[in-house]
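Subject: Structure handover

Hi,

Here is the structure I promised to pass on. Please open it alongside this note, which goes through what I found.

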Amino acid sequence: MRLISIALCLFGGIAYANVPESQPQHTHDSEDLALEVTAFSGLDSSYFSEGRDALDGDSLWVNSVELAYGKFSGGVWYGNSPDQDYDELQIGIGYAESFGDFEIAVGYTRFQFPFESAHDNEVGTTLTWSNLPMGCEFSADAYYSFDAEGYFVELALGHEVEVSENFSLVAAGIAGINQGYVSDGHDGLNNLALRLEGVVALAENWHFISHLTYSWAVDANPALEGDAQLIDFFHGGFGLEWSF
């Protein structure tokens, strides 16, 4: 299973493949050679994965650490459900390059599922296009699973508003497309979603991050096992981020 954060599409970078929706990914200045460290801990009400409610309504605790140095990044991500026997570990590396208003990032992620004694390997790429009309940003994220031998694409269009010096909102529209990544689900357009994220600066290097998201299933086939969790559902999350 894989959680695609809309924040990943909006902020770029793929140090690891899955991120909680309440945790934004960061675009790092490729000319800045200082080491940047970002740590996050938070709770999501559902595990939103390829448009699916992957844990059938159960929540997911998430902890992660990301390191960035110039154009390179790496991270460790761990998710655990307090409601059922599910945990997931990801270790990833990434590289990003900027060209004017465009940024291209590539990455590799190793997945471990201890409760299921399973693993997977993925490669992915993200294209981000900023400075669009009305201050919008577009992103296309594609990732390939060696286990499923298929890929998933997520497209996002977002807009950020600075409400005050310490508070900002990001609104986004998202579309997800499956091509064999969910091997027992239908191919083609899978879901559409709307998301609102809020970021509050609490103190130097500390932020409180929350989100509300509603996802609509598209062409879910009840005869396919992989579409059983592809439903219309509302979910949210929150967490604390620390960086230096």
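Which residue is the bridge partner of arginine 110 in strand 8? The partner is asparagine 121. Before going on, one caveat: this is a predicted model.

**Strand 7 and its neighbours**

Arginine 110 also has a counterpart on the other side. Isoleucine 91 stands opposite arginine 110 of strand 7. Strand 7 covers residues 102-113. Its pairing with strand 6 (residues 87-99) is antiparallel and runs over eleven bridges. Its pairing with strand 8 is antiparallel too, with twelve bridges.

The covered face holds Glu103, Ala105, Gly107, Thr109, Phe111 and Phe113. The uncovered face holds Phe102, Ile104, Val106, Tyr108, Arg110 and Gln112.

**The barrel**

Twelve strands form a barrel, in the order 1-4-5-6-7-8-9-10-11-12-13-14, with antiparallel pairing. On average, neighbouring strands of this sheet are turned by 20° against each other, direction ignored.

Further along the order, strand 12 (residues 188-203) and strand 13 run antiparallel and are joined by twelve bridges. In that region, alanine 201 stands opposite histidine 207 in strand 13.

**The nonpolar patch**

Leu202, Trp206, Phe208, Phe238, Leu240, Trp242 and Phe244 make a nonpolar patch of about 670 Å². Two elements give two or more residues each: strand 13 (206-217) and strand 14 (233-243). Strand 14 gives the most, with three residues.

Tryptophan 242 is part of strand 14. Is tryptophan 242 buried, partly exposed or exposed? Its relative accessibility is 32%, so tryptophan 242 counts as partly exposed.

**Aromatic pairs**

The count of aromatic pairs comes to 13. Ring pairs also build a cluster from Tyr143, Phe152 and Tyr181. If you want to describe a pair of aromatic rings, use the distance of the centres and the angle of the planes.

**Loops worth a look**

Methionine 134 has a phi of about 60°. The loop that holds methionine 134 lies between strand 8 (118-129) and strand 9 (136-145). Methionine 134 counts as exposed because its relative accessibility is 71%.

Glutamate 149 has a phi of about 55°, again positive, and is not a glycine. Glutamate 149 sits in the loop between strand 9 and strand 10 (150-164). With 62% relative accessibility, glutamate 149 therefore counts as exposed.

Where is asparagine 221? Asparagine 221 is in the loop between strand 13 and strand 14. Asparagine 221 has 30% relative accessibility, so it counts as partly exposed. Asparagine 221 and glycine 185 lie 7.7 Å apart in space, C-alpha to C-alpha, and 36 residues apart in sequence.

Over to you.

Best wishes

Conventions: Residues numbered from 1 in each chain as written. Predicted model: local features only at pLDDT ≥ 70, side-chain atom pairs only at ≥ 80, totals over all residues. Heavy atoms only, no water. Patch = residues over 30% accessible without salt bridge, like charges linked within 9 Å, V, L, I, M, F, W, Y side chains within 5 Å. Areas by Shrake-Rupley, 256 points an atom, 1.4 Å probe, with all protein chains shown as cover. Salt bridge = Lys/Arg side-chain N within 4 Å of Asp/Glu carboxyl O. Helix = DSSP H or I, 4+ residues; strand = E, 2+ residues; numbered from the N terminus. Buried < 20%, exposed > 50% of the residue type's maximum accessible area, 1.4 Å probe, protein only. Phe/Tyr/Trp six-rings, centres within 6.5 Å; stacked < 30°, edge-to-face > 60°. Pairing = 2+ DSSP bridges. Axes fitted to C-alpha atoms, helices over the stretch in contact; angles between N-to-C directions.
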